[in-house]
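Welcome, and thank you for taking a look at this structure. Please keep the sequence and the 3D view side by side as you read.

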Amino acid sequence: MKVFVYGTLKPGEQNYSAYCEGKAIAVQPAYTYGKLYHLCLGYPAMTVGTEKVQGYLLTFPDDSNLIYLDKLETFDPQALPENNEYQRKMIPIYDLQDSYLGQAWGYLMNIEKIQAFGGIHLPSGCWQRARD
């Protein structure tokens with residue numbers, strides 16, 4: 001099972017050790033296409049778009065970790081989309097040499113929620129938590 005991460009679940013970010021370290025069997029720098037925003041809540045969100053969004057492709061041995069990732073991302077597959085913070089969708093992933101790696105789960109947010117959370121567009125396509 002593969003998941004594309006671009007925020008707090010990336011290696012070195014605040015949620016990686018609790019949710020991914022020792023659970024992911026492969027970690028690969030990668031990108032997808034979308035539009036990336038920094039939210040006033042202190043983490044990012046991505047929408048559908050045409051800009052490169054940098055992150056990592058994490059491979060897990062099975063889909064059991066999705067329960068924990070979904071909870072972190074406030075996604076309930078049984079809920080109405082407007083009741084979720086993020087939507088989990090299959091998205092195309094590419095390596096840094098532009099080779100297609102296949103589809104992976106990714107967490108996207110709709111633009112109305114991004115605007116409500118004070119989203120600031122990150123044209124670099126790369127998010128990092130503010131360091132002290």
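What follows is a walk through the strands, the aromatic rings and the loops. One thing to know at the outset is that this is a predicted model.

Strand β3, residues 44-59, pairs with β2 in the antiparallel sense, and 13 bridges join the two. To find this pairing on your screen, look for Q28, whose bridge partner in β3 is L57. β2 and β3 form a hairpin with five residues between the strands, and here G42 takes a positive phi near 100°.

Strand β6, made of residues 120-121, runs antiparallel to β2 and is joined to it by two bridges.

With the strands in place, we can turn to the aromatic rings. A pair of aromatic rings is described by the distance of the centres and the angle of the planes. The model holds five aromatic pairs in total. One of them is formed by Y31 and Y33, with 5.6 Å from centre to centre and 90° between the planes, an edge-to-face arrangement. How do the two residues stand in terms of accessibility, buried or partly exposed? Y31 has a relative accessible area of 4%, so it is buried, since buried means under 20%. Y33, at 37% relative accessibility, is partly exposed.

Y31 takes part in a second pair, this time with Y94. The ring centres of Y31 and Y94 are 5.4 Å apart and the planes meet at 20°, so this pair is stacked. Stepping back, Y31, Y33, Y94 and Y100 make up one aromatic cluster.

Charged side chains meet the rings too. The charged end of K52 sits over the ring of Y31, at 4.4 Å from the ring centre. Elsewhere, R88 lies over the face of W105, and here the distance to the ring centre is 4.4 Å.

To finish, let's visit two residues in loops. D98 has a relative accessible area of 47%, so it counts as partly exposed.

The other residue is T74, in the loop between α2 (66-72) and β4. T74 is likewise a residue other than glycine with a positive phi, here near 55°. At 38% relative accessibility, T74 is partly exposed.

Conventions:
Residues numbered from 1 in each chain as written. Predicted model: local features only at pLDDT ≥ 70, side-chain atom pairs only at ≥ 80, totals over all residues. Heavy atoms only, no water. Phe/Tyr/Trp six-rings, centres within 6.5 Å; stacked < 30°, edge-to-face > 60°. Buried < 20%, exposed > 50% of the residue type's maximum accessible area, 1.4 Å probe, protein only. Lys NZ or Arg CZ within 6 Å of the ring centre and 35° of its normal. Pairing = 2+ DSSP bridges. Helix = DSSP H or I, 4+ residues; strand = E, 2+ residues; numbered from the N terminus.
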